[in-house]
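Hello,

Here is the structure I promised to pass on to you. Have a look at it first, and then read my notes below.

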Amino acid sequence: MDSVLRVQGRIGPRTLLITTAALPLTGWTVHALALHRRLAATRKDPLTGLMRRDAYTARARRLLARHGDNVAVVLIDQDHFKAVNDTMGHAAGDAVLAATAARLTAWAGPRAAVGRLGGDEFAVVLELPATRLEQRLAQLVRMLHTPVVLEDGRTVDVAASVGAATPAAVGSRDLSLLQRTADAALYDGKHSGHAIVADAAHVAVPSVNGRRAGRPGTAVWGRAA
């Protein structure tokens, strides 16, 4: 007991006050880290690990502001995805989506914005000079047409349609306009096995509620942009 009292005497009231004050801070730090992990989880799609729409949009806009005309906006749609779910089961469909996400991430690199917009629709915004655009898009199409091998050994033949738009071709760095134009280009090349780069004609394609007119999910009563 005497030794304990001697130690407390050497510590002093100021040191004890600081130590006591640090205890709640430690608890708050643990809570803050857990909260940060939960917030980070809400920014990612649980199936694919890609960014959800809000997180993707924020990063995509930063890339457009920073790199300007050296940025490409790429939209990707799985081809015949419903048939995969219907004939092989939803677990196979989930595996295809996860494989697509992994391929997009590998293709785009760590600095890109890669998001799952919903269902079997994905988007990528990345720094990509115009001189390399067509070569890189052809590489992406080859990756997305590589069969997916399931855990049970079955193989799924997959394909995807790809459309791309650049600020130089569109005449704007507005993300919504670039995505609508890339969507129009994608539709032009649907099931063709080739990526389509948007031109001025795709910019003029009517849209409804921010989507290409006639695309699933648009509403006929919406105002065309």
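Before going on, some ground rules. This is a predicted model, where local features need pLDDT of at least 70 and side-chain atom pairs count only at pLDDT 80 or more, while totals for chains, interfaces and linings use all residues. Residues are numbered from 1 along each chain as its sequence is written, and side-chain values use heavy atoms, with hydrogens and water left out. Helices (H or I, at least four residues) and strands (E, at least two) are DSSP runs numbered from the N terminus.

Helix α5
Leu133, Arg136, Leu137, Leu140, Val141 and Leu144 are the buried residues of α5 (buried is under 20% relative accessible area, exposed over 50%, partly exposed in between, with a 1.4 Å probe and protein chains only). They sit on the same side of α5, because they cover an arc of only 145° around the axis, taken from the directions from the helix axis to the C-beta atoms. The face turned away from that buried side carries the exposed residues Gln135 and Arg142. Among the elements covering the buried residues are β1 (71-78), α4 (90-108) and β3 (121-127), where contact means heavy atoms within 4.5 Å.

The sheet
Five strands form an open sheet in the order β2-β3-β1-β6-β7, with mixed pairing; two strands pair if DSSP finds at least two bridges between them. β2 (113-118) and β7 are the edge strands, each pairing on one side only. β1 and β6 pair in the antiparallel sense over six bridges, and Ile76 stands opposite Val162 in β6. α5 lies across β1, β3, β6 and β7, running at about 160° to β6. Axes are lines fitted to C-alpha atoms, for helices over the stretch in contact, and angles run from 0 to 180 degrees between N-to-C directions.

Helices α2 and α7
The axes of α2 (residues 53-67) and α7 (residues 175-188) come within 10 Å and cross at roughly 100°. The two helices are therefore roughly perpendicular to each other (under 35 degrees is roughly parallel, over 145 roughly antiparallel, 65 to 115 roughly perpendicular and the rest oblique). Thr181 is also in α7, and at 1% relative accessibility Thr181 counts as buried.

Best wishes
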